[in-house]
Amino acid sequence: MKTKIHWKKFFIAMIVVFIGFVFIADVIVDTISGKKLEWNKIFGFENLFWKVLASIVGAFFYSSYKVEKEK
């Protein structure tokens, strides 16, 4: 089975998911939990690596999802 990727959807979804991970997962959760915001930890290489990887995987699934029409 061949998967077709809609590239425009892929890049837009990758950016949206990445920004969501940075701001929602780190900044808002740290603020709500009362932790001090450590920007060097939020934008650290290891942390960004996993966020970019998760955004690529999420964008792949979103952009390759095909809704089949019922006949």
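This is a predicted model: local features need pLDDT of at least 70, side-chain atom pairs count only at pLDDT 80 or more; totals for chains, interfaces and linings use all residues.
## A serine to start with

Is Ser-55 buried or exposed? Ser-55 counts as buried, because its relative accessibility is 1%, and buried here means under 20%. This residue is placed in helix α3. Once its neighbours within four places in sequence are set aside, Ser-55 is in contact with Met-14, Val-17, Phe-18 and Phe-21.

The protein chain has an average pLDDT of 82, and 92% of the residues score at least 70. Among the elements of the chain, the highest mean pLDDT, 86, belongs to helix α3 (residues 45–64), while helix α2 (residues 39–42) has the lowest, at 80.

## Helix α1 and its surroundings

Let us walk along α1 next. With 27 residues at 1.5 Å a residue, α1 should span 39 Å, and the 37 Å between its end C-alpha atoms agrees with that. Its buried residues are Phe-10, Ala-13, Met-14, Val-22, Asp-26, Val-27 and Asp-30, and they pack against α2 and α3. Just after α1 comes Gly-34, which takes a positive phi of about 85°.

Gly-20 has its place in helix α1 too. It is classed as partly exposed because its relative accessible area is 22%. From Gly-20 to Lys-51 there are 31 residues along the chain, and the C-alpha atoms of the two are separated by 9.6 Å. In the segment before α1 you will find Lys-2. Lys-2 is exposed, with a relative accessible area of 80%. Its C-alpha atom is separated by 27 Å from that of Phe-18, 16 residues apart along the chain.

## Helix α3 and its buried side

Helix α3 has 20 residues and reaches 28 Å from its first C-alpha to its last, close to the 28 Å expected at 1.5 Å a residue. Which residues of α3 are buried? They are Lys-51, Ser-55, Ala-59, Ser-63 and Ser-64. These buried residues pack against α1 (7–33) and α2.

Trp-50 and Phe-21 are 29 residues apart in sequence, and 9.9 Å apart in space from C-alpha to C-alpha.

Ser-64 lies in helix α3 and is buried, with a relative accessible area of 18%. What does the side chain of Ser-64 reach? It reaches the backbone oxygen of Phe-60, at 2.7 Å. Not counting residues up to four places away in sequence, Ser-64 touches Thr-3, Lys-4 and Ile-5.

## Aromatic rings

How many aromatic pairs does a search of the whole structure find? The search finds six. One of them joins Trp-7 and Phe-10: the ring centres are 5.6 Å apart and the planes stand at 80°, so this pair is edge-to-face. Both residues lie in helix α1, three residues apart, which is about one turn of the helix. Phe-10 is buried, with a relative accessible area of 10%. Phe-60 and Phe-61 are likewise edge-to-face, because their ring centres lie 5.5 Å apart and their planes are at 65°. Phe-60 is partly exposed, with a relative accessible area of 30%, whereas Phe-61 counts as exposed at 55%.

Ring pairs also link Trp-7, Phe-10 and Phe-11 into a cluster. Finally, a lysine and a ring come together: Lys-9 lies over the face of Tyr-62, at 5.5 Å from the ring centre.

Notes
Residues are numbered from 1 along each chain as its sequence is written. Side-chain values use heavy atoms; hydrogens and water are left out. pLDDT is the predictor's confidence in each residue, from 0 to 100. Helices (H or I, at least four residues) and strands (E, at least two) are DSSP runs, numbered from the N terminus. Buried means under 20% relative accessible area, exposed over 50%, partly exposed in between (1.4 Å probe, protein chains only). Contact means heavy atoms within 4.5 Å. The expected span of a helix is 1.5 Å times one less than its number of residues. Rings of Phe, Tyr and Trp (its six-membered ring) pair if their centres lie within 6.5 Å; planes under 30 degrees apart count as stacked, over 60 as edge-to-face and the rest as tilted. A charge sits over a ring if NZ of Lys or CZ of Arg is within 6 Å of the ring centre and within 35 degrees of the ring normal. A polar contact is a pair of N or O atoms within 3.5 Å; within protein, one must be able to donate a hydrogen and the other to accept it, and residues adjacent in sequence count only if both atoms are side-chain atoms.
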